[in-house]
Amino acid sequence: QVQLVESGGGLTQAGGSLRLSCVVSGRSFSDYGMGWFRQAPGKEREFVATINWDGSFTWYTDSAKGRFTISRDNAKNTLYLQMNNLQPEDTAVYYCARGRASTFYTNYRNYDYWGQGTQVTVSS
């Protein structure tokens, strides 16, 4: 019933920017906090950013602070991740996810629906 579809990934060089989008199906997008996670080959899933139901609060992993911006457009049922000054260590599959409630979470266990992922590759 709930489906999340990411887009906007691709290949860029160090210092470049990408904007990821996540379109969420359903009629209750604004009721939930949302998050972005990433997973590099051979590594565990890593928290990137989260946002509460109306966008009034955001939280980032340390490596993303100052470079990434999470936002949402509830009228369009869409979550965004603006990524600036990308570095090779940002290379991963990026996933959007819906939280279990309206607040924010940093632990993946607190998210109940996930997108299929979009590949971000940053070359040096």
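**Ground rules.** I number residues from 1 along each chain as its sequence is written, and I use heavy atoms for side-chain values, leaving out hydrogens and water. Because the model is predicted, local features need pLDDT of at least 70 and side-chain atom pairs count only at pLDDT 80 or more, while totals for chains, interfaces and linings use all residues.

**Entry on E6.** I looked up E6 and found it in strand β1, residues 4-7 (strands are DSSP runs of E, at least two residues, numbered from the N terminus). E6 is buried (buried means under 20% relative accessible area, exposed over 50%, partly exposed in between, with a 1.4 Å probe and protein chains only). I found no salt bridge for E6 (a side-chain nitrogen of Lys or Arg within 4 Å of a carboxyl oxygen of Asp or Glu). The nearest side chain of opposite charge is R45, 9.6 Å away (Lys and Arg count as positive, Asp and Glu as negative; His and the chain ends are not counted).

What does the side chain of E6 reach? It reaches the backbone nitrogen of G117 at 2.8 Å. A polar atom of the E6 side chain also lies 2.9 Å from the backbone nitrogen of Q116.

**Entry on R38 and E46.** R38 and E46 form a salt bridge, with their closest N and O atoms 2.9 Å apart. R38 is buried, because its relative accessible area is 6%. E46 has 31%, so it is partly exposed.

**Entry on D62 and K65.** I noted a salt bridge between the side chains of D62 and K65, at 3.0 Å from N to O. D62 counts as exposed because its relative accessible area is 60%, and K65 is partly exposed at 42%.

**Entry on D112 and R98.** D112 forms a salt bridge with R98, the closest N and O atoms being 2.9 Å apart. This pair links distant parts of the chain, with D112 in strand β10 (residues 111-114) and R98 in strand β9 (residues 92-99), 14 residues apart. D112 is partly exposed at 28%; R98 is buried at 8%. I also noted that salt bridges with shared partners join R38, E46, R67 and D90 into one network. How many salt bridges does the structure hold? I recorded 5.

**Entry on rings.** The charged end of R98 sits over the ring of Y32, 3.7 Å from its centre (CZ of Arg or NZ of Lys within 6 Å of the ring centre and within 35 degrees of the ring normal). R19 has its charged end over the ring of Y80, 4.0 Å from the centre.

Terms used. Helices (H or I, at least four residues) and strands (E, at least two) are DSSP runs, numbered from the N terminus. A polar contact is a pair of N or O atoms within 3.5 Å; within protein, one must be able to donate a hydrogen and the other to accept it, and residues adjacent in sequence count only if both atoms are side-chain atoms.
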